[in-house]
Amino acid sequence: MSSARSGALAAGLALAAALVPLPTAVAAQVPGVRQLSLSRGTAGVDTLRARVSFTGGLLQIAPASTDLLFQAETRYDADRARPVAAFDSARGVLEIGAEAGPLSRGFGLRRMRRERRRDVPLADLTLHLSRTTPTELTIDATAAHGWIELGGLHVHMVRVSASASETHLSFSSANTARLSLLELSARAAAMHVDGLAAANAERVMAAVTAGQLELAFGDEWSGDIALEASAILGQLRIILPDGVALRLTARERLLGRVEGVPAVRDGVYQSANWETATRRVDVLASVTMGTITVVRAGR
Amino acid sequence: MRISSTVVALALCLAPATAAAQRGLTSAEQDSVRDWLSALGPELGPHRVDPAAAVHGSRAVATAERVSGDVLSFRGNLDVRGEVAGDAVAIGGDVILHPSARVTGDVLAIGGSVRQEGGRVDGEIRSIAGHAPGIEALFAERASPVRSPREMLSLTAGWFAVLAAIAFAVLMLARSNLVAITERIRTDFGKALLIGLVGQLAVAPLLVLLVLGLTITLIGILLIPFVLVAYALALAGAVALGFLAMAYANGRSLRRRESGDETVGDITTHLMIGLGAYFALWAVAALAGPLGIVGSLLRAMVVVITWVAVSVGLGAVILSRAGTRSPTAPVAQELEEDEYSWQTPTPVSGVAAARRPTPAPRAAERR
């Protein structure tokens, strides 16, 4: 082997050997799934105003088992979602949730990775709330699957708004505070409410637009309930136990109709036991190109 | 004696690493942590973490201890048994709250979790962690400018292993070239350094000229990708070969051996000694990394030494045409005998002159 040739061979060998560690240097980019936890004790806070804004994934809300004001766990894809987690102790305001990140930004591997995970949930949020602290709760869920259990809490105002979502809201035990307002809104979404009577609500506002909303009152009652129900291009079902007195004022517009009540005279139906019943629901039903159906449970 | 001196040397080497365990962050480290924290944004919430207060490694607040102000640990756990009159923060570790713990501010674990075994926290408890793979990977990426001595040592050892492997390949396949380049370094050190520097400066322009030349010929455009690869191969080979020659020369100098006939074993030994010397320098620089400015100066010195070695080696490779041209090789040796051997002592009176030997006539002349 000539000297020149062996020199070239040595150079080639040198480069080949030098390239061996390269794969480790070009570290594989890993998916950025992160977990954010936030919690706080009840000390120093009189009223909790919790605002949940959640997009994409599973949302779970339940009463806390320990003496905590709140405890939130957010698991999210950092490439596609941004978490929201802030608590203002002076005002008692908790802002929690996750929102979709800017999908159009980013290039190369990061973008490819993000695109590959498009059908994977953006985030999961589990929120536990205090059973004893007076709470105002606002929930805004988009493209989410929500399981919200508010039984046993001390809530005095609840607003739940769902868009392109499926939401299950329940009061499995009585709300320990008088709920001044329970506002439910489903837009292009399905929402099921169980144990609505246990919410101990003075006033319930339920609206559905291009979706389905089911209100099951259950058997645990603490007082009369005023319900304002509105359906536009959607279906709203009211499930009442037997024996509950019903007065329904119907405003049917443009192919809208109210079903499940024997007769509506001058737009008003009133059950025979209205004057004597201990459990009463006064419904103001407004329907446009949709249906509001009243169903008696057990029939 | 030798063992005790080795132990002392080892202790001196390990001292910086031990000292690093409880030191604060350097300004560079603080900057990289600040960048990383600012990238977290909403995850961090309203917190303003000042990395200047952080301490490397794990940190503990004892049961009877009361700390006024924030307590921060960096890349280690924060164990709280006493009272913290401020925030308790762990960056790259867990915050452990024991039953006797009391924190008047917030508890924050970034790249870790908060383990609450009891205690009382007046503020909020926040943790930012990642499932594998998750935020730890991000943390490692962001904190990469702050390499630990262990990481630096691993890197140095890796490079040593790679160079040793190349050295063995060269010894088997191009030993004569290596020896020739080493001879060139010995005889023309200054010139080799100069040529090496010029060579480094000429790398890019030469490549551009080469590509332009190929482009002008039109047909040569097709060859450009191959030429680029070949150029990179040649350059990397030349640099590696030159550095090995320099290491060989250094190894020989360290053993105080003059050039001359050497066995393969001698060459191997000298080469490994030379490489080992460079590795030792880098290892010391790695261990001294956490010593702040001293460590930085030491590392800069080692970088300069290595760069000079690479430059001289590259220059010698160029001068010796990759070891194919020896500096001691005669240009032409037509006569085997001494030039004056034909002469005999000539007295003044004169003697008959002997016939001067002449080269053998060529075949054509013979005819």
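Me: By its relative accessibility, what does Ala143(A) count as?

Reply: This is a predicted model, in which local features need pLDDT of at least 70 and side-chain atom pairs count only at pLDDT 80 or more, whereas totals for chains, interfaces and linings use all residues. Residues are numbered from 1 along each chain as its sequence is written, chains are lettered from A and ligands numbered from 1 in the order in which they are written, and side-chain values use heavy atoms, leaving out hydrogens and water. Buried means under 20% relative accessible area, exposed means over 50%, and partly exposed lies in between, with a 1.4 Å probe and protein chains only. Since its relative accessibility is 42%, Ala143(A) counts as partly exposed.

Me: Which element holds Ala143(A)?

Reply: Helices (H or I, at least four residues) and strands (E, at least two) are DSSP runs numbered from the N terminus. Ala143(A), which has a positive phi of about 45° although it is not a glycine, has its place in a strand of chain A, residues 135–149, namely S7.

Me: At which residue of H6(B) does a kink lie?

Reply: The bend at a residue is the angle between axes fitted to the seven residues ending there and the seven starting there. In H6(B), a kink of about 45° lies shortly before the proline Pro205(B), at Ala202(B).

Me: Which helices are included in what covers the buried residues of H6(B)?

Reply: The buried residues in H6(B) include Gly196(B) and Gly199(B). What covers the buried residues of this helix includes two helices of chain B, residues 224–254 and 293–319, namely H7 and H9.

Me: With which residues is Trp282(B) in contact, leaving aside its neighbours within four places in sequence?

Reply: Trp282(B) lies in helix H8 (residues 264–287) of chain B, and with a relative accessible area of 24% it is partly exposed. Its C-alpha atom is separated by 8.5 Å from that of Val303(B), 21 residues apart along the chain. Taking contact to mean heavy atoms within 4.5 Å, the residues that Trp282(B) touches are Thr156(B), Val302(B), Val303(B) and Thr306(B).
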